[in-house]
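Hi,

Here is the structure I promised to send over. Have a look at it first, and then read my notes below.

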Amino acid sequence: MTREQYLKKLGKRIVELRIEKGLSQTQLAHACGKDPQSIERVENGKINPSIYYLSEIAKALEIPLKEILEIEILRIKTYSNVIPIIISTSPLFFPGL
């Protein structure tokens, strides 16, 4: 994964978490002492935020920092949950279904 791809995924993850908490960009910015344009740049993958900046976002979202950084882990969990369903319903594994 390139730097640009990672930053976009990181930004998308922050958007997901912010929306789950029911916050606008402006509300999140206010809660962590940043300007809305700065949050917008992070969410769009235009800047590489420091770990301190990410910890401020996590604190404002009232979540552990590791939740923001769980980008690849979530994708792997999704695949591991899909594979058993495909195998268990496939006629190749259960002839006669």
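Which residues in α1 meet which residues in α4? Leu10, Ile14, Leu17 and Arg18 are the ones in α1, and they meet Leu54, Ile57 and Leu61 in α4, where contact means heavy atoms within 4.5 Å. By class, that contact has six nonpolar, no polar and one charged residues (Ala, Val, Leu, Ile, Met, Phe, Trp, Tyr, Cys and Pro count as nonpolar, Asp, Glu, Lys and Arg as charged, and the others, Gly among them, as polar).

Before going on: this is a predicted model, where local features need pLDDT of at least 70 and side-chain atom pairs count only at pLDDT 80 or more, while totals for chains, interfaces and linings use all residues. Residues are numbered from 1 along each chain as its sequence is written, and side-chain values use heavy atoms, with hydrogens and water left out.

Back to that pair. Helix α1 covers residues 3–20 and helix α4 residues 51–61, and they pack at about 20 degrees with axes 11 Å apart. That angle makes α1 roughly parallel to α4 (under 35 degrees counts as roughly parallel, 65 to 115 as roughly perpendicular).

Now the other pair. Helix α2 (residues 25–32) packs on helix α3 (residues 36–43) at an angle of about 110 degrees, their axes 8 Å apart. So α2 is roughly perpendicular to α3. Gln25, Thr26, Leu28, Ala29 and Cys32 of α2 make the contact with Pro36, Ile39, Glu40 and Glu43 of α3. Those residues divide into five nonpolar, two polar and two charged.

One last thing to look for: Lys34 lies over the face of Tyr53, 4.5 Å from the ring centre (for Lys, NZ must be within 6 Å of the ring centre and within 35 degrees of the ring normal).

Cheers

Notes. Axes fitted to C-alpha atoms, helices over the stretch in contact; angles between N-to-C directions. Helix = DSSP H or I, 4+ residues; strand = E, 2+ residues; numbered from the N terminus. Parallel < 35°, antiparallel > 145°, perpendicular 65-115°, else oblique.
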